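The following note sets out numbered points on the model shown below.

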Amino acid sequence: MKIKSAVVLSALLCFSGFLFAQNEDPLKFHIVTDVTYSPATDYVPGDTHFAPITGAYSCFGARTTFNTTYRLPTPLGENFLLNGAHLDLNGHIELSPVTIKGGVQATFSPLPFLEFQAGGELGSGWNLGGIKGIAFYNGYEYEAVTPFSGMLYKAWLRGLFQFDTGAIWSGNWTHVVMQYTYQAYYHGFTGTQSNNLWGWQADIHYLDGWCSYQCAILAYQMPLVLYRIGGMFEAEHNYNDKNLNPAYKPFNGAYNKLSISPIMQFKFGSKDTLSCAFTFASRRSFGVPHNSSNEEPKLTTTGTEWYFKQAAFSWTHNF
C-alpha cells in the first residue's frame, strides 16, 4: 500500500486552482481524497534499464486530507503586481488506513507568480492486515513498529514559481501554464536509530536527514471539463547519506529518485477538481537478482531501473 504519491498529488493540488485567481472569502475549507494503483513490476538485475510490468496488481493506496486555510491580505503597494500579495495560514489532518498525520504551514505570495512556504508535520501509525504504517529495518526486513511508539516528523521550506501565458495574450485558448517548485526539508523517525532505514505508509528506504524535492509542470489549459493536460517531472533525494549505517553504504542512501508523469485535470463546476497522473519512476538497480525489497539495503546499487510506478487520482472538493 504505497502512498508515496504524496509528492505527486501535493504538486497537483497546488496546481489545481487558476494560477492568478484570488479567493474573496478569507476562510476556506477543502478536502482531498487520493487513490493510487500500482501493477507488479519484478526487479531486473543490471545497469540502467527499463523493467516491464509483470503482473496486474502490486499495491493500492488511499488517504484523505482535511484542510483549513485563512488568507491575510498583505498588499505591498498599489501596483497591480503587488496589491494582491497575501499570506495563507493552513492546518491539515491526513488519514490513511494505517497512519494519521497533522501539520501547519504558512505561504506568502508577494507576487502572482511567486510563493514562499514554511511548514511542519507530525504523524504516527499502526499495522493493518500485514500493511505496515510505520516500520524500521532490522537488518533482515522492515519490522512493524508497535502502534504509535514512533513518530514521523518533517519540516520544510519551499519556493514556487508559476506563470500563465494567458496573462500576456488574452483568450480562452491562450493558456500555457508553467510551474517550478523547489523544496528543502528535514524528516526523521523517532522509532529507531537516526542512522537506520525506516518505512512510512508501506513505502520504505527512508533515511533521517535533509532532503530536496523538485517539481516542474508544463500544461495547456482549456475552457473545457478536461481543462488541463500536460506533463510533470520530479526529482527527490537525501542531500547525503553520511549518517547511514556503514553496513548499508553500497546501497546509496542518497539515490536521486526521478519520475515523469503525463497529467490531466478535470474541473466539475466551481468546487470539484479531479487530478490524474500516470507515473514512470526510477529506483535503484542492483547487479544481482533479488525477490524482495527487504534484501536491497545489503546490495550494491549499480544503476537505475525505470518502471511504471502507479496511476494516481486526487479529488479536491472545496466547501
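**Salt bridges, strand pairing and a surface patch**

1. Asp 34, Arg 63, Glu 94, Lys 101 and Glu 121 are linked in a network of salt bridges. A salt bridge here is a side-chain nitrogen of Lys or Arg within 4 Å of a carboxyl oxygen of Asp or Glu. The search of the whole structure finds 8 salt bridges.

2. The model is predicted: local features need pLDDT of at least 70, side-chain atom pairs count only at pLDDT 80 or more, and totals for chains, interfaces and linings use all residues. Residues are numbered from 1 along each chain as its sequence is written, and side-chain values use heavy atoms, with hydrogens and water left out.

3. Strands (E, at least two residues) are DSSP runs, numbered from the N terminus. Arg 63 counts as buried at 7% relative accessibility, and Asp 34 is buried with a relative accessible area of 3%. Buried means under 20% relative accessible area, exposed over 50%, and partly exposed in between (1.4 Å probe, protein chains only).

4. Lys 101 takes part in a salt bridge with Glu 94, with 3.6 Å between the closest N and O atoms. The side chain of Lys 101 also meets that of Glu 121 in a salt bridge (3.4 Å, N to O). The latter pair links distant parts of the chain, with Lys 101 in strand S5 (residues 99–111) and Glu 121 in strand S6, 20 residues apart. Lys 101 is buried, at 10% relative accessible area; Glu 94 counts as buried at 4%, and Glu 121 counts as buried at 14%.

5. Strand S6 (residues 114–125) runs antiparallel to strand S11 (residues 152–164), and 10 bridges join them. Two strands pair if DSSP finds at least two bridges between them. Leu 122 stands opposite Tyr 153 in S11. S11 is in turn joined to strand S12 (residues 175–189) by 13 bridges, again in the antiparallel sense. The bridge partner of Asp 164 in S12 is Val 177.

6. An open sheet of 4 strands has the order S10-S9-S13-S14, with antiparallel pairing. Its edge strands are S10 (142–144) and S14 (203–207), each of which pairs on one side only. The twist averages 35 degrees from one strand to the next; axes are lines fitted to C-alpha atoms, and angles run from 0 to 180 degrees between N-to-C directions. Strand S9 (residues 134–137) pairs with S10 over 3 bridges, and Tyr 137 stands opposite Tyr 142 in S10.

7. Which residues form the nonpolar patch on the surface? They are Leu 27, Phe 29, Tyr 70, Leu 72, Leu 89 and Phe 319, with about 550 Å² of accessible area together. Strand S1 (27–40) and strand S3 (55–73) are the elements that give two or more residues to this patch. Patches are made of residues with over 30% relative accessible area and no salt bridge, with nonpolar side chains (Val, Leu, Ile, Met, Phe, Trp, Tyr) joined within 5 Å and like charges within 9 Å. Accessible areas come from the Shrake-Rupley method with a 1.4 Å probe; for residues, only the protein chains shown count as cover. Tyr 70, found in strand S3, counts as partly exposed at 37% relative accessibility.
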